[in-house]
Amino acid sequence: MYDVVIIGAGVSGCAVARELSKYELNICVLEKETDICEGTSKANSGIVNAGFDPAPGTLCAKLNAPGAEMIAQIAKELDVPYKRNGTMVVCNEEENLSKLQILYKQGEINGVKGLHILNGEEAHNLEPNLANGVCGALLVESGGIVCPFTLTLAFAEVAYANDVEFRLGEEVTNIAKKESGYSLTTSKGYLETRYVINAAGVYADIFHNMVSEDKLTIVPRKGEYCLMDKIPEDYLRHTIFPVPTKMGKGVIVSPTVHGNMLIGPTAVDVHDRDDTSTSLEGLHKVIKMSALSVKDIPYQSIITSFAGLRAQERGNDFIIEEVSDAKGFIDVAGIKSPGLASSPMIALYVRDILAGICDLKEKKEYVTKRKGLLRFNDLTIEKQKVLVREKPEYGRVICRCEKVTEGEIIEAIRRPLGARTVDGIKRRTRAGMGRCQAGFCTPRVMEILSRELGKEMEDICKNRSGSQMVQGRNKDSIQEEN
């Protein structure tokens with residue numbers, strides 16, 4: 001019997017797990033994928049939205065601004081790449097300048113710091129590569145960027161260090177009420193818990209509707225992105241937003257914490273909760289709309305495209321509450337943008353709900369900090385030489401685009417909640433994230449995974465179970481043909 005079961009190992013689920021791990025609770029996180037951060041949180045813009053966009057009075061507005069402020073400190077404690085680069089909402093039509101004033105006032109009400117209205121000349125002086133038609137902008141100094149996977153992983157690793165159990169690759173198939181809690185049927189068995197925290201992203205309504213008569217509807221909203229190779233630091237410093245619409249914040253143009261440039265997303269409601277395909281139409285729209293905000297974007301430097309799904313609820317707000325007709329079942333649903341920026345406050349909000357229905361006792365000892373993966377390329381030449389003498393595997397470069405060594409890949413596998421797939425290595429170390437997009441390093445990454453995990457090469461997967469990278473060996477195929 002668990003005290004708390006959290007469904008979903010995205011940024012919200014892992015942030016909640018970290019917060020609750022401070023207390024004397026027996027906690028389990030269930031995730032149907034083979035790694036954390038494989039759903040909505042995976043295909044995230046990495047924008048720490050400052051909080052000017054949510055309508056005042058909404059739960060989203062209440063949690064966004066303080067959550068964004070918390071992330072700056074959390075990134076230091078958990079060794080997560082973060083940069084407060086500032087945000088600009090640009091307007092290229094005179095008749096829409098009034099919308100910047102509305103966003104400014106919303107930001108003030110929501111407690112956002114560092115807000116300024118700029119005219120066209122001031123905006124271009126700050127960002128010379130803004131599109132020529134930009135006639136005004138809202139500058140938000142407190143906006144930032146972060147690595148979304150590393151933030152989620154950091155939350156999970158701290159939770160794990162504080163005895164939270166993670167059961168990855170285990171899908172919840174049914175939930176039933178019991179007198180003293182809930183029973184959950186999974187793809188690997190059966191378990192019981194006193195409390196359930198439903199942080200299942202685009203699947204949150206399915207689990208909610210298993211226990212409640214008051215039905216919930218989540219619509220997956222697909223967003224397509226293009227990622228570009230490294231750009232000069234002075235080309236674009238701020239995250240650039242257009243004036244938002246009812247479908248979302250629009251197509252952004254932003255540097256990433258790793259030095260790339262990201263454009264997107266689109267916003268199209270879909271029926272398939274697993275549809276992360278990209279389309280020619282969608283990517284063309286990303287390119288067309290991004291050009292309205294920033295000029296001379298180096299589209300020839302696009303190295304990959306991808307899509308993610310946002311959990312859109314019809315009320316257009318976060319739903320974080322104990323379900324009225326399912327006591328002890330807490331929804332963390334409809335967490336779309338700015339869910340990443342709000343995640344620390346979402347965790348505190350859930351903690352307070354749980355504290356209202358059970359007795360929470362703080363642990364006497366609790367792991368608060370986490371050291372991230374060693375980045376060989378960030379070391380000085382002197383430190384690199386010392387490390388290679390001690391551990392020769394750090395002298396073997398596997399991914400030449402991102403200069404990732406064998407030592408880093410081995411550490412990524414051996415760490416708590418370590419990588420088990422090629423994509424798991426990619427997100428932890430950036431091996432395969434560079435210009436060639438894993439065209440050269442994949443075989444070596446697979447060899448290291450095979451050796452470290454004691455698996456055959458044929459059993460190494462790209463991400464989830466069933467996504468094997470190879471089907472067999474050439475010699476075996478030739479013998480079969482003969």
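User: In this predicted model, is Asp-79 buried, partly exposed or exposed?

Analyst: The model is a predicted one, and in it Asp-79 lies in the loop between helix H2 (59-77) and strand E4 (82-83). Its relative accessibility is 31%, and since the partly exposed class lies between the buried limit of under 20% and the exposed limit of over 50%, Asp-79 counts as partly exposed.

User: Which residue forms a salt bridge with Asp-79, and how many residues apart in sequence are the parts that the pair ties together?

Analyst: The partner is Lys-371, with the closest N and O atoms 3.7 Å apart. Lys-371 lies in the loop between helix H8 (339-355) and helix H9 (381-390), whereas Asp-79 lies in the loop between helix H2 and strand E4, so the pair ties together parts of the chain whose separation in sequence is 292 residues. Lys-371 itself is exposed, with a relative accessible area of 64%. The residue asked for is Lys-371, and the separation is 292 residues.

User: Where does Glu-233 lie, and what is the distance between the closest N and O atoms in its salt bridge with Lys-83?

Analyst: Lys-83 lies in strand E4 and Glu-233 in the loop between E13 and strand E14 (239-242), so this pair ties together parts that are 150 residues apart in sequence. Lys-83 counts as partly exposed at 40% relative accessibility, while Glu-233 counts as exposed at 61%. Glu-233 is thus placed in the loop between E13 and E14, and the closest N and O atoms of the bridge are 3.9 Å apart.

User: Are Arg-430 and Glu-402, which form a salt bridge, buried or exposed?

Analyst: The closest N and O atoms of this bridge are 3.2 Å apart. Arg-430 has a relative accessible area of 9% and Glu-402 a relative accessibility of 14%, and the limit for the buried class is under 20%. Arg-430 is therefore buried, and Glu-402 likewise counts as buried.

User: How many salt bridges does the structure hold, and which residues are linked in a network of them?

Analyst: Side chains of opposite charge can pair when their charged atoms come close. The structure holds 33 salt bridges. The residues linked in a network are Arg-396, Glu-406, Arg-414, Arg-444, Glu-447, Arg-451 and Glu-452.

User: How many aromatic pairs are there, and what is the arrangement of Tyr-182 and Phe-329?

Analyst: The count comes to four aromatic pairs. In the pair of Tyr-182 and Phe-329, the ring centres are 5.8 Å apart, with 65° between the planes. The pair links distant parts of the chain, with Tyr-182 in strand E11 (residues 181-186) and Phe-329 in strand E20, 147 residues apart, and both Tyr-182 and Phe-329 are buried. The count is four, and the arrangement is edge-to-face.

User: What is the arrangement of the aromatic pair formed by Tyr-225 and Phe-306?

Analyst: Tyr-225 lies in strand E13 (residues 218-228) and Phe-306 in strand E18 (residues 302-313), so the pair ties together parts that are 81 residues apart in sequence. Tyr-225 counts as buried at 6% relative accessibility, whereas Phe-306 is partly exposed at 24%. With 4.9 Å centre to centre and 15° between the planes, the pair is stacked.

User: Which residues does Val-332 touch, leaving aside those up to four places away in sequence?

Analyst: Val-332 is found in strand E20 (residues 329-333) and counts as buried at 3% relative accessibility. With that exclusion, the residues touched by Val-332 are Ser-12, Ile-197, Asn-198, Ala-199, Ile-319, Ile-320, Ile-346 and Val-350.

How values were computed. Residues numbered from 1 in each chain as written. Predicted model: local features only at pLDDT ≥ 70, side-chain atom pairs only at ≥ 80, totals over all residues. Heavy atoms only, no water. Helix = DSSP H or I, 4+ residues; strand = E, 2+ residues; numbered from the N terminus. Buried < 20%, exposed > 50% of the residue type's maximum accessible area, 1.4 Å probe, protein only. Contact = heavy atoms within 4.5 Å. Phe/Tyr/Trp six-rings, centres within 6.5 Å; stacked < 30°, edge-to-face > 60°. Salt bridge = Lys/Arg side-chain N within 4 Å of Asp/Glu carboxyl O.
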